[in-house]
Amino acid sequence: MATLSSQGHLSSLNINTETTSIANNNSVKNKAKKNKKRKAKSSKSANQTASQTAIPISNDSTTDVNTTAEAEKMRAFFRGIKRDSVLVSATADYSAHQPSYGFLTRHRLNAVLPVIPSRPPLLTDAIYSEKARPLQPPHSVEITLDLLRAKDTIIVESPTSAFSDHDSSNLKITKFTNCDILRNGKIIKDETLWLRGGKIVDPASLFYDFFDGPDEVVNLGEKKSLIVPGFLDLQINGYFGCDFAETENIDKNIDKVAKGLIKYGVTSFCPTLVSSHPETYHKVLPIISHKRGKFSGRAEVLGAHIEGPFLAEARKGAHDANALRSAPNGYADLLECYGPTFEEKGAITILTVAPELEGLHACIHDLQKRSDIIVSLGHTEASYKEAEAAVAAGATMVTHLFNAMEAFHHRDPGPVGLIGCSLQNSAVEKPYYGIIADGVHADPSSVRIAYVAHPEGCILVTDAIAAAGVEGDNFMLGTMRIRRKSNVEVVIEGTNTLAGSVATMPTCIRNLVQFTGCTLAQAINAATMHPAKSIGISDRKGTLMPGTDADFVILDGFDATDSSVFSIAQVYGFKEIPEKNDFKQHKLLARIDDSSAAFTVYAATVINNVVKENSNNDHQTITAAAAAINNSAAINDSTPSPETLERLSSMFTINSDKLNQIVRHFVSEMKKGLDSDKSGLLMIPSHVVNLPNGKEHGSFLALDLGGTNFRVCEVFLDGHSGARVRQSKHTVTDEQKALPGEQLFDFFAQCVKHFLIEGLANPSTEPLAEIAKRHWKLGFTFSFATNQVAIAEGYLILWNKGFSNPGVIGANVVQLLEAALKRAGLASIKVTALVNDTTGTLVSHAYVQPSTRVGVILGTGTNCAYVEKIENITKYKNTDPNVKEMLVNTEWGAFDDEQVVVPRNKYDVKVDRSMNGMGKYTFEKLISGMYLGEIVRFVLVDLVKTGEIFSAGASPELKMPHSFETAFMSRIERDHTLDLSDTRTVLEDMLKIPRTTLADRRLVKSLCELVGKRSARLSAAGIAAVITKMNKLDGCTVGIDGSLFELYPHYSNRMRDALREILGLSAEYIVLEQARDGSGQGAALIAALAEK
C-alpha cells in the first residue's frame, strides 16, 4: 500500500510485484467497451485521521472491487484538477517474460501530487490487460513525471451558448455528434468532431494510441448545425473604441478587442498598425509580441500586421503622409523603423509595402528568407510588371485588393492583374489577396470578378477600425481623426476618403455569398482555410483536421431560400498555458532494467523527499526530482547519431525541386506512351469507354488477381447505384507463383468452381449441371502489365509482384482462363472484360463519386489509370466516332526504368537486384508495400555492420529476406509511447534482436518515416503528373485503393503535402478519397458496361 500524509505528500510506496495479482473476474469483463484495454483500480480508503491518510493501491484476488465505479472516480478526479499538479508514473514492463498479448505486459502506478497542499492526492493502479498480472518480476521499470495543467475552454460570450463552463481538461475527450462539419474546405455530412487537450483528434488514433472513447458526448440536436473553423481576421486596426496605434493603452486595447471578437466567431486575428513614426512601433510592437498566443476568454493574437510606413504617398488612403518613408538603405531602414522586435521570430506576421519605392524590392528579397513574415503589396502605384517582380522576389499577398492601388487598365492592370495571371505563362504564382466585402470598399461586381479569377486566393478581411462594434461618431486611426459618415461608412474627418471598415466577419461572409454566388462553405473558406494557408499556419488553424487547434464556430439558423443566411450559435476555443520552464510532459527520468520491486523503494525514497522539500513550487519539484533521479540512475543515451540520421535523410529525401522534375518527365513519358510503345510508361488503352451511371443491374462474376491474394466475387448490381457482394478469398503461395502457367490458371478455375457450388441455393447431386443452366458473365481483374487489344483480349507483357510462372508472358490471359474454366466443367462462364485493378478502382469509385477521373492503387503494388481523350491516344486506331474518351492504364510502376530522373540509392539497388525482374518496375519498388519493408531491412543490416545500431548484433531473423514486413513499419510509425515500446516488441519479440536501446528504436522509427514519406511523395508526384496531363487543375477526384493509403500512418497527409508543393493552390481542388473494392466491384461494373 502507499501511505500519504495529510498534507498530500507521498511518504511511502511499497508494492510487492512478485505476489500482487489482479482478479480476473466478471467485474473486469463488464467494464464499458470503450475502455476494454484500459483498467483502473483504486481501493477504498482506509481509516482516516487528522494526521494520516492511507490509500491501498492494489488488492488481492479475493477482494471484490467495483472497477467501473472506481475508475470513474479516478477520471472525475483528473477532470476536476484546475491547478497545476505533478503526476508521477512508475511503469513496470513484463513483456520479456510474457510477450504474448494474453498476459499483462505493462503495469503503471500513478501518483498525483498536487502543488496545493490542501488538495488530497490520488493514487491509481492502471492496468492495461484483461488478464491477471504474471508473477514474475518486471523486465524493466520507467519513472516519469508529468506536469498536469488545466486547459479551459476560452470563450463563450455568444448568443445562445450553453457551454460556457465546458471543461476541456487535457485528460478529457469530447465528441460532438449530429452535425455537419466544414473540414479542410469541404462540408462533410453527418460527421462527428472529437476533441482532446485543446486539439481536434482522429477517433481512430484515440483508440489505438490511448484505448479510449469519449468522456463527454455533445449532441447538437435536430437543428442540423454546421461546425466550421474559427474565423481568422488578418487586418484589424482596432475595434470597440480601441485603436492599436495608440501607444498608451495598447495592452488593454488588445485584451478588449480579443475578448469582444469572440461573439463574431473570430478566434484568431492580426492587430494591424497603420503608418506611424518609429517611436510608435518601438513601443507598440513589443507589447503585441508579448500578447501573442492563446489566453483565457480571448481570440488568439497571431502577430502584428504592419501596414506602412513604406507606402506610396499618392495611394496613402487614410494613412498619415508625414509618417511615410522609403528604404534607400534596404533592410537596415526597416530595422531602424520598427526596432529590435522586428527581428523577433513571430512578432510580425504580415508586412504591407509599396514595392516600387526605393530599396523595397531588395527588402522583399531579403524578407523572403524569413519564413515568419509574409510580404503583402498595398497602397502602391506599382505597374503590373513591378508587382509581378515583387511576387517573384517573395511577396505572396495583396492588401485589400482594389483599394489604394493603381486601377485596372486593359494594357497595364497593375497589382489587380496578379490574380488573373496564367500559371502556365507567368513566372510567378497567383498571390493571396485580402478583400473588404462590406459593399463600400469594393463594388459587388468587382468582388465577383476577383473571386471568379482566383477563388482559392480570396481572403476576407474586415479592415476594422475603432468605430467598429460601438456607437459614436469621432475616433482615431493612428494620427488621423475619423468620423462615421453612415452606418457602414467611415471617412477621414473633413474628407470623403475611406478610413477602414465597421463590418463584422459574419457580414463579410454573407456578402461574399451574395456578391459572387459562391456557396456558404466557399465563403467561410475565405475566412478560415485561405487566411491560415496564406500565413503558413494551416497545420493548426482553419481546417478542423486532426492535430489542429480546436477553435471552431457552431452555425445554425440557415434559410433554405437564401444560402447567405446563418447565425452564430456557439464559439469554442481552448486555452493552452505556455510552459513556465523547460520541463516537457512525459519526461523520462529513469529506466531500470531487470528490476523487481526495487522501483517502488526508488520512487518512495527519491521522489517523496524532493516533493516534501518543494511542496509549494512545481518548478522546483520537477527540476529537483529530475536531478535526483538522473544523479542516482544512469540513463542510456537515447539520441541516435546525428551523422547517421543526416546520411539516411540525404539518401531518402526528395525535395520540391526534384518532385517537379519528376512530374515534368512523367508528363513527357505519358505523351510518348500515348503515341507509341517507345516509352517506359506503357499507357495501355483499356478499351473501357464508358463510366457507370448507377443504372447498371444484374449479377456478374469477378475474379481478382492482385498479388498475394486471389478473390472470387459475385456482384449484384441493383440498378440504383447499389451493389451487394459475395466473395471468397484464397492465398497464392510462393510455390504457386512459380508453377507452369496452365497449372496456375487451373488453380483459379477450381476456386471459381468451389465458390459457385457453395452458392447454390439448393445443392444437388450434379452441381455442375445446375451451374451450367446459367450463362455467367465474368470480369477478370488481372493486375499485371498487359497489352490489351480488346475489352476481353490481352497479352501479358511482364510479370511482377513475385510471379514468374512460365508460359504466360506473351499469351492471351483471357484464353488461358477460359480454357481452365472449361477443363473444370465451367464452360457456361464467359469472360466479357479483362480489367486492370487500377481501371477497376477508377470505375468502382466513379460509381459512387461521379467526379472521379483517376484511379490509383497503393498497396502491395502500385499503378494508376485515368480518363484520356480518344484523340490523344494516337497509337490506338479508333473506328467508332461515338467514342470520345477511354480509360488508360499507365502502368506507372515501370516509370523511369531508364533511371533518368528518380533518385535511387544503394539500398534501392539491392532490393531491385534481389527481386524478380531486376531493372524493371523500379518506380514501384520505391513506393509499394511489397518492397518498403525490405528497403528498411537492407539499411538495418548495413547499420549493424558499421556499428551504428544494435550493439549486440543482428538476429538471424533480420538477415532473412522479407523478414521486416511493411506492416512493421506501420506499427512503428504509429508508436507514440515514451519508450517506443511497440517498436521494441517488433524488434525484440518478432525479429529476435537482442536488447535494443531507446536510441536504436528512435533510429529505426526515423528510418521508417524516411522510407514511408518518400513513397508517399513519389506517389503524389505521379498523381500530379496525371492531373497536369489531363488539364484538370480546376479539380477532380482521385479514387485510391490499397493498404498504404488506407492504413499506413500519415501516408495520405504526406501525399497532400507533396501535391501542394507541386501544384500550389490548385492542389486544394484535387480530392484524394479512399476507394473500395475496385478489383471486385469494378470488374463487375466493367463487365456490365461491356454490354453497352
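Student: Is the crossing of helix 15 and helix 27 left-handed or right-handed?

Tutor: A crossing is left-handed if the near helix is turned anticlockwise from the far one by less than a right angle, and right-handed if clockwise. The crossing of helix 15 and helix 27 is right-handed. This is a predicted model, in which local features need pLDDT of at least 70 and side-chain atom pairs count only at pLDDT 80 or more, while totals for chains, interfaces and linings use all residues. Residues are numbered from 1 along each chain as its sequence is written, and side-chain values use heavy atoms, with hydrogens and water left out.

Student: At what angle do helix 15 and helix 27 pack?

Tutor: Helices (H or I, at least four residues) and strands (E, at least two) are DSSP runs, numbered from the N terminus. Axes are lines fitted to C-alpha atoms, for helices over the stretch in contact, and angles run from 0 to 180 degrees between N-to-C directions. Helix 15 (residues 642-652) packs on helix 27 (residues 998-1030) at about 15°, the axes being 10 Å apart. Helix 15 is therefore roughly parallel to helix 27, a term for angles under 35 degrees.

Student: Which residues make the contact?

Tutor: Contact means heavy atoms within 4.5 Å. Helix 15 contributes T644, L645, L648, S649 and F652, and helix 27 contributes L1003, S1006, L1007, L1010, V1011 and R1014.

Student: How is a nonpolar core read, and which residues have the most contacts inside the largest?

Tutor: A nonpolar core is a set of buried Ala, Val, Leu, Ile, Met, Phe, Trp, Tyr and Cys residues joined through side-chain atoms within 4.5 Å. Buried means under 20% relative accessible area, with a 1.4 Å probe and protein chains only. The largest core has 104 residues, and F269, Y338, L460 and I509 have the most contacts inside it. Its largest share, six residues, comes from helix 10 (residues 505-516). A second, separate core has 84 residues, including I654, V883, V902 and I1062.

Student: Where is G859, and what does it touch?

Tutor: G859 is in the loop between strand 39 (852-858) and strand 40 (862-869). G859 counts as buried because its relative accessibility is 5%. Leaving out residues up to four places away in sequence, G859 touches S928, G929, M930, G1042, S1043 and L1044.

Student: Which residues of helix 8 are buried?

Tutor: In helix 8 (residues 384-393), the buried residues are Y384, A387, E388, A390, V391 and A393. They pack against helix 7 (360-367) and strand 21 (374-377). G394, with a positive phi near 140°, follows helix 8.

Key: Buried < 20%, exposed > 50% of the residue type's maximum accessible area, 1.4 Å probe, protein only. Parallel < 35°, antiparallel > 145°, perpendicular 65-115°, else oblique.
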